[in-house]
Amino acid sequence: MTGERYELRAGVHLARLDAGVRLFAWPHAETLGELTRDELDLLRDLAAGPRTAGGPLVERLRAGGWLKITITRDGVPLYTLDPLRPPPPRPAVPERPVLSRFATLRREGEALVACSPLAWCDLYVHDPGLVGDVVRPGGEVLADLVWAGLAGPEEAEDRELRFRQWAPHELEFHDRSRVGHRGYLGDGFGGTFWARGRFDPLPARPRPYPGRAIELPTPDLDELRLKDPSLTDVLEGRRSVREHDDERPITLGLLGELLYRTARVRECWTADGVEYTRKPYPSGGSVYELEIYPVVRNVAGLEPGMYHYDGHDHVLRPVREAGHPAVRRLLTVAGHGAATGRRPQVLLAVSSRAGRLLWKYEGMGYALTLKHVGVLYQTLYCVATAMGLAACGLGSGDSAAFAEATGRDPLEECAVGEFMIGTAEATR
């Protein structure tokens with residue numbers, strides 16, 4: 001015999017106001033008004049754990065999306081509908097239902113969780129034997145999957161442009177990295193410092209590469225202030241220039257000036273056991289997880305190869321020789337990414353030491369890294385334009401080649417951006 005149990009979903013708080021009892025799970029809230037003592041006791045019971053309940057208050061809470069609904073069989077939990085927003089009316093089960101192409105299945109604790117950015121709830125399967133019921137016509141699980149928005153008519157999502165234009169992983173990423181139906185500040189989203197006390201944060205300075213450091217010239221900022229064009233001229237003159245003049249390659253001095261003006265460490269300090277830095281571009285929480293690796297093909301005064309820019313000391317540290325297959329591949333992929341087929345004089349491979357961010361931020365860490373990449377791109381574009389260099393940000397690159405060339409574990413440091421730098425060809 002099947003039944004239902006209810007409990008308040010996670011992250012829901014109760015407050016007593018002049019207008020009565022108010023439920024809130026930031027940024028959502030609903031005022032219930034004045035409640036009887038029995039209703040207040042019921043609310044406390046529902047907050048304590050799943051139970052069988054009924055009545056007008058339960059129906060109102062259920063309609064508002066405040067209650068988790070657990071389906072039981074002979075008292076044993078089978079699956080739970082965990083709401084993210086108020087549920088819609090139950091639709092009819094189509095003749096040929098299929099799982100949504102946006103639905104994913106993952107493990108959480110001992111349960112299997114089916115979720116989708118299009119669904120009003122997540123579905124937690126407590127009995128793995130029920131997975132087979134998903135494809136069984138007439139099954140109760142299937143009816144609830146359709147109600148949840150995790151399944152629907154065959155090919156329904158392929159008929160509408162608003163569905164077709166999204167790839168599943170892109171819609172999932174968007175949904176998970178924004179405050180909305182899922183994002184609750186203080187309950188698993190935002191700068192929660194969730195890892196504090198569990199493990200130590202990563203230091204601001206990455207593990208150095210062996211080999212003799214190459215000192216870079218330090219530009220005179222006062223002199224640059226006098227000769228730089230105005231901000232308006234820089235922004236209006238900025239262009240993506242994809243081809244370089246190899247007869248007059250960029251110099252070590254110019255490369256050093258660009259890196260100094262865009263990515264040097266200006267300040268470093270420690271607070272509550274966490275190392276913070278300050279660079280010329282902004283970074284969420286002053287974490288600065290991004291690193292720059294110049295992959296050099298043609299620079300006057302510098303041997304070809306892959307280097308790491310140490311912004312603390314303003315030096316380049318050798319990473320890999322130019323003949324290494326992964327280094328060659330990074331430059332080749334960059335040329336194809338720029339749609340020219342020509343390898344740049346310098347490719348600035350941008351990496352993220354993801355743990356620097358993920359130690360503090362939940363749910364939005366990787367999205368924040370990509371925002372930082374955009375900020376760094378704009379900073380590189382502006383400074384390169386002021387210096388008269390050819391600059392071009394790329395939309396993608398070879399992450400596997402980066403990992404192979406650096407020897408870094410991709411889960412600890414991964415490639416997240418690529419930017420080409422060189423000298424512009426003379427106008428003919």
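**View 1. Helices H9 and H12 pack against each other.** In this predicted model, helix H9 (residues 252-263) and helix H12 (residues 365-387) pack at an angle of about 135°, and their axes lie 10 Å apart. Axes here are lines fitted to C-alpha atoms, for helices over the stretch in contact, with angles running from 0 to 180 degrees between N-to-C directions; helices (H or I, at least four residues) and strands (E, at least two) are DSSP runs numbered from the N terminus. H9 and H12 are therefore oblique to each other, given that angles under 35 degrees count as roughly parallel, over 145 as roughly antiparallel, 65 to 115 as roughly perpendicular and the rest as oblique. On the H9 side the contact is made by Leu254, Glu257, Leu258, Arg261 and Thr262, and on the H12 side by Leu376, Thr379, Leu380, Val383, Ala384 and Met387, where contact means heavy atoms within 4.5 Å.

The model is predicted, and local features need pLDDT of at least 70, side-chain atom pairs count only at pLDDT 80 or more, and totals for chains, interfaces and linings use all residues. Residues are numbered from 1 along each chain as its sequence is written, and side-chain values use heavy atoms, with hydrogens and water left out.

**View 2. Thr262, a residue of helix H9.** Thr262 lies in helix H9 and, at 0% relative accessibility, counts as buried; buried means under 20% relative accessible area, exposed over 50%, and partly exposed in between (1.4 Å probe, protein chains only). Not counting residues up to four places away in sequence, Thr262 touches Pro280, Tyr281, Leu376, Thr379, Leu380 and Val383.

**View 3. Helices H1 and H2 cross.** The axes of helix H1 (residues 37-48) and helix H2 (residues 56-63) come within 10 Å and cross at roughly 50°. That angle makes H1 oblique to H2. Glu39, Leu42, Leu43 and Leu46 in H1 meet Leu57, Val58 and Leu61 in H2. The residues of this contact divide into six nonpolar, no polar and one charged, with Ala, Val, Leu, Ile, Met, Phe, Trp, Tyr, Cys and Pro counted as nonpolar, Asp, Glu, Lys and Arg as charged, and the others, Gly among them, as polar.

**View 4. The largest nonpolar core.** A nonpolar core is a set of buried Ala, Val, Leu, Ile, Met, Phe, Trp, Tyr and Cys residues joined through side-chain atoms within 4.5 Å. The largest one has 35 residues, and those with the most contacts inside it are Leu32, Leu43, Leu61 and Leu123. Among the elements that give two or more residues to this core are H1, H2, strand S10 (121-125) and helix H3 (140-148), and H3 gives the most, with five residues. Leaving aside its neighbours within four places in sequence, Leu123 is in contact with Tyr79, Thr80, Leu81, Leu112, Val113, Ala114, Leu145 and Leu150. A second, separate core of 34 residues includes Leu290, Leu302, Val350 and Ile421.

**View 5. Leu105 in strand S8.** Leu105 has its place in strand S8 (residues 104-108) and, at 52% relative accessibility, counts as exposed. Apart from neighbours within four places in sequence, Leu105 is in contact with Leu112, Val113 and Ala114.

View 6. Asp272, found in the loop between strand S14 (267-271) and strand S15 (274-278), has a positive phi of about 55° although it is not a glycine. Asp272 is exposed, with a relative accessible area of 68%. Ser286 is found in the loop between S15 and strand S16 (290-296), and its phi is near 55°, a positive value in a residue other than glycine.
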